[in-house]
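Visitor: I have not seen this structure before. Could you take me through it in questions and answers?

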Amino acid sequence: MKPRAGTGSVTKSVTKKLYIKTYGCQMNVYDSERMADVLAPLGYGLSDNPDDADLVILNTCHIREKAAEKVYSDLGRLKPHQQRKAEDGGRMIIAVAGCVAQAEGDEIMARAPQVDMVFGPQTYHRLPEMISKAKRAVGEKVLDTDFPPEDKFDHLPEERVRKGEVTAFLTIQEGCDKFCTFCVVPYTRGAEYSRPAATVLQEAKRLVADGVREITLLGQNVNAYHGDGPDGREWGLGRLCRALAEIDGLARIRYTTSHPRDVDDDLIAAHGEIEKLMPYLHLPVQSGSDRILEAMNRKHTAAEYRHIVDRLRSARPDLALTSDFIVGYPGESDQDFADTLKLVTDIGYAGAFFFKYSERPGTPAASMREQVDDAVKSERLSTLQQLLDSQQEGFNASMVNRTLPVLLEKPGRHADQLVGRSPYLQPVHLDIPDSRHAAMIGTVIDCTITGLTGHSLFAVPVRDGQAGSDSTNSSNTVDSSNSGSPTPDSADRGQERISA
Ligand code: 5AD
Ligand code: SF4
């Protein structure tokens, strides 16, 4: 996915073209946007294609298989453009960023000599230095894969290039100390780190001042958030959401991705109390079998997961859940898989992502002997997909004839059409004359859902002419390997899930 080009109202003269390709999850999208912010003062403006870019950044993801191979094939495709630029007397600097860079920095340098810079997820605030180093001499390579994330957040610019958007991501936490046996995140993103609450609140206020109405808080393990509070105490995610909810003009709060172990009493209470906290929660379980959950080092049982869901639903009865599932984890038996199907049937999901287990080098599960045959994985994936798809279809169909608050985000593909989001992230299409769009975008209006196609809902405003009467109290390229499901948010926001 590409950060959107050219909407910035920051008045810096653009003298150079920047192309960023983002692979993977929302956290990488946030990082790519912030890289663009760091580079704007140097005259770099975002471009939609790499052809004659002065700087190309591939912001990579390593969560599932073949990530590195995709990066090498993209690098191959860039070669002729880089050569043409050199023949014309210019220079295209190529950088590989993100988790593949963190994990395989030296190898990238060795295998892809046209790469000038390799840097990990925690160092992009140093981009200006890296660029000037790379520019000083052709052939000088820059490798920066240091870890401490606090440096990065302390040095990112406040000013943002993109303005005029209704929704925004805000990273509040990075890294993970959980070490699930299948997952590379603790190795590529490092130890858990939470940003201080005051800086998160400042960033949120700035976003709202720029017109943002919905903020999605991001973290690989977002509900492990434990930032320093302005009152000198440690704040959890529930406390942070309460403070964010007090920001006038902010209509909706979401967060992703959570770990069941870190759903604490205060967060559950927050779901019951904070109207702005949307009733839509991504809570990965990965498997319904206790044996597999233990082997995965998930630190919770299926019964504990069910109990957390029950408590969340008691606090917020309209809460809809989504999840991640892995099939074919080493040693997964037919019975283990049946336990997963049973859990899915009992919980009832509004959407989900599901993956065949794939070996990630360096993780404990990769060296386990009992790897499951690929044909078995495929069969289980398709069975699980059918069940989850039918639950999602049922969930979407249950919206018809209901009245939902819809945050209006942008014009639709057709004339006289507006697109917004339900509380459950479903795209909602409304027939509204173009002349009224400017006044309506960014408002939340109550709509009656009249029908649906696929994952999209169609609706009419409950009261015509609701523009301006904001009823907030009613409440780029996807690069996914190895399957997954088109949940409403993934389909339209083009994203993979963050881990947890
Ligand atoms: N194999 C398959 N799926 C994986 N995920 C993470 N690592 C692996 C792996 N090695 C999935 C998990 C996680 C999501 C982001 O990606 O379901 O929640
Ligand atoms: Fe951490 Fe989530 Fe990866 Fe587990 S799956 S190690 S909780 S990021």
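This is a predicted model: local features need pLDDT of at least 70, side-chain atom pairs count only at pLDDT 80 or more; totals for chains, interfaces and linings use all residues.

Visitor: How many bridges join strand β10 to β13?

Guide: Strand β10 covers residues 214-218. The two strands run parallel. The number of bridges joining β10 to β13 is five.

Visitor: Which strands are the edge strands of the open sheet?

Guide: The sheet has three strands in the order β7-β10-β13, with parallel pairing. Neighbouring strands are turned by 25 degrees against each other on average, direction ignored. An edge strand pairs on one side only, and that holds for β7 (167-171) and β13 (252-256).

Visitor: What angle does the direction of helix α1 make with that of β7?

Guide: Helix α1 is made of residues 26-39 and packs on the sheet. There α1 touches β7, β10 and β13. Its direction and that of β7 make an angle of about 95 degrees.

Visitor: Which strands does α7 lie across?

Guide: Helix α7 runs at about 165 degrees to β7. The strands that α7 lies across are β7 and β10.

Visitor: At what angle do the axes of α7 and α8 cross?

Guide: Two packed helices are described by the distance between their axes and by the angle between them. For α7 (residues 197-209) and α8 (residues 237-245), the axes come within 10 Å. The crossing is right-handed, and its angle is roughly 35 degrees.

Visitor: How many residues of the contact of α7 with α8 are nonpolar?

Guide: On the α7 side the contact is made by Ala197, Val200, Leu201 and Ala204. On the α8 side it is made by Leu240, Ala243 and Leu244. With no polar and no charged residues, the nonpolar count is seven.

Visitor: How many residues of the shell around ligand 2 are charged?

Guide: Ligand 2 is surrounded by residues including Cys176, Lys178, Cys180, Cys183, His259 and Ser499. By class, the shell has seven nonpolar and four polar residues, and the number of charged ones is one.

Visitor: Which residues come nearest to ligand 1?

Guide: Around ligand 1 there are 14 residues. This shell divides into seven nonpolar, three polar and four charged residues. Those that come nearest are Phe182, Asp324, Phe355, Ser358 and Ser499.

Visitor: What percentage of the residues of the protein chain count as buried?

Guide: The protein chain has 15 helices and 21 strands. Of its 500 residues, the share that count as buried is 49%.

Note on methods
Residues are numbered from 1 along each chain as its sequence is written. Chains are lettered from A and ligands numbered from 1 in the order in which they are written. Axes are lines fitted to C-alpha atoms, for helices over the stretch in contact, and angles run from 0 to 180 degrees between N-to-C directions. Helices (H or I, at least four residues) and strands (E, at least two) are DSSP runs, numbered from the N terminus. A crossing is left-handed if the near helix is turned anticlockwise from the far one by less than a right angle, and right-handed if clockwise. Two residues are in contact if their C-beta atoms, placed from the backbone, lie within 7 Å. Ala, Val, Leu, Ile, Met, Phe, Trp, Tyr, Cys and Pro count as nonpolar, Asp, Glu, Lys and Arg as charged, and the others, Gly among them, as polar. A residue is near a molecule or strand if its C-beta atom, placed from the backbone, lies within 6 Å of it. Two strands pair if DSSP finds at least two bridges between them. A residue is buried if 20 or more other C-beta atoms lie within 10 Å of its own, exposed if 12 or fewer, and partly exposed in between; C-beta atoms are placed from the backbone.
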